[in-house]
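Here are my notes on the model you sent. Please read them with the structure open.

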Amino acid sequence: MITASCSSTYRRAPSIDVGDHRIAISASLSDLDMTESTISGGASLPVNTSSTDMNLTLGRVVAENFELGGILLIDNSTTGSAGSESTSDMLAMGAYGRFYIPDLLLPSRKMVPWVQGAIIFAGTQETSSQSSNSASESEIFGTELSVGATHFLSENAAIEFALTQSFFEFSNFSGSTSGVAEDYDGQTIETDSTEFSVGLSLNF
């Protein structure tokens, strides 16, 4: 069980035990000019993205301080670039690995820092633009690198904070403009972004 010491006589990091399970949901709201989009064969374009993200993770501690699990990403975003605006809905799945660092004590003895890497390998994104009367769907592949901390509220409940750098590639587009099918053959779009998220986790 992942536990937090409540002793007032000494500082002790919570223990991360092999066989522990964790389920968590986290969310982030952003309105940042921190996303760059690159269309294959073209230049990088800075874009302003306003997004609402929700992540669901389920994992198990498989070795000392090391957790493996699955991740589900749900994202709704509005993107503006070069005078146009589009809305996207993304649903994707992947796997992650997290390494806890209980020996790195933070100001609160109930807080454990960690680093996490994730690979997103299955999912789709649907995008629509009213300005160009177009819609498209694409496949997703991506990676995420996060640094964060878990603050234990009790033996089984915690708040998680994370700063995540994401890299995504969207490919195999299909779609239409004004009802006419478009040829997106060979086109890929790459994005990178940075987000801060807050979540709740249950440990059992």
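1. A definition to start. A polar contact is a pair of N or O atoms within 3.5 Å; within protein, one must be able to donate a hydrogen and the other to accept it, and residues adjacent in sequence count only if both atoms are side-chain atoms. The side chains of T194 and Q165 make such a contact, at 2.5 Å. T194 sits in strand β9, residues 189-203. T194 is buried, at 19% relative accessible area. Buried means under 20%, exposed over 50%, partly exposed in between (1.4 Å probe, protein chains only).

2. Basis. This is a predicted model: local features need pLDDT of at least 70, side-chain atom pairs count only at pLDDT 80 or more, and totals for chains, interfaces and linings use all residues. Residues are numbered from 1 along each chain as its sequence is written, and side-chain values use heavy atoms, leaving out hydrogens and water.

3. Overall build. The protein has 9 strands and 0 helices. Both are DSSP runs numbered from the N terminus (helices: H or I, at least four residues; strands: E, at least two). Of the 204 residues, 40% are buried. Take contacts (heavy atoms within 4.5 Å) between residues at least 6 apart in sequence: 64% of them join residues at least 24 apart.

4. How many salt bridges does the whole structure hold? The search finds 3. The criterion is a side-chain nitrogen of Lys or Arg within 4 Å of a carboxyl oxygen of Asp or Glu. R22, E67, R98 and E160 are linked in a network of these bridges.

5. The pairs. E67 bridges to R22, with the closest N and O atoms 2.8 Å apart. E67 is in β3 and R22 in β1 (residues 21-39), so this pair ties together parts 45 residues apart in sequence. R22 also meets E160, at 3.3 Å from N to O. E160 is in β7, so the R22 pair with E160 ties together parts 138 residues apart. R98 bridges to E160 at 3.0 Å between the closest N and O atoms. R98 lies in β4, 62 residues from E160.

6. E67 and R22 are buried. R98 and E160 are buried too. R22 has a relative accessible area of 1%, and E160 is at 9%.

7. Nonpolar cores. A core is a set of buried Ala, Val, Leu, Ile, Met, Phe, Trp, Tyr and Cys residues joined through side-chain atoms within 4.5 Å. The largest has 10 residues, including I71, M90, I140 and F168. β3, β4, β5 and β7 each supply at least two of its residues. β4 gives the most, 3 residues. A second, separate core of 8 residues includes I16, Y100, F152 and A162.
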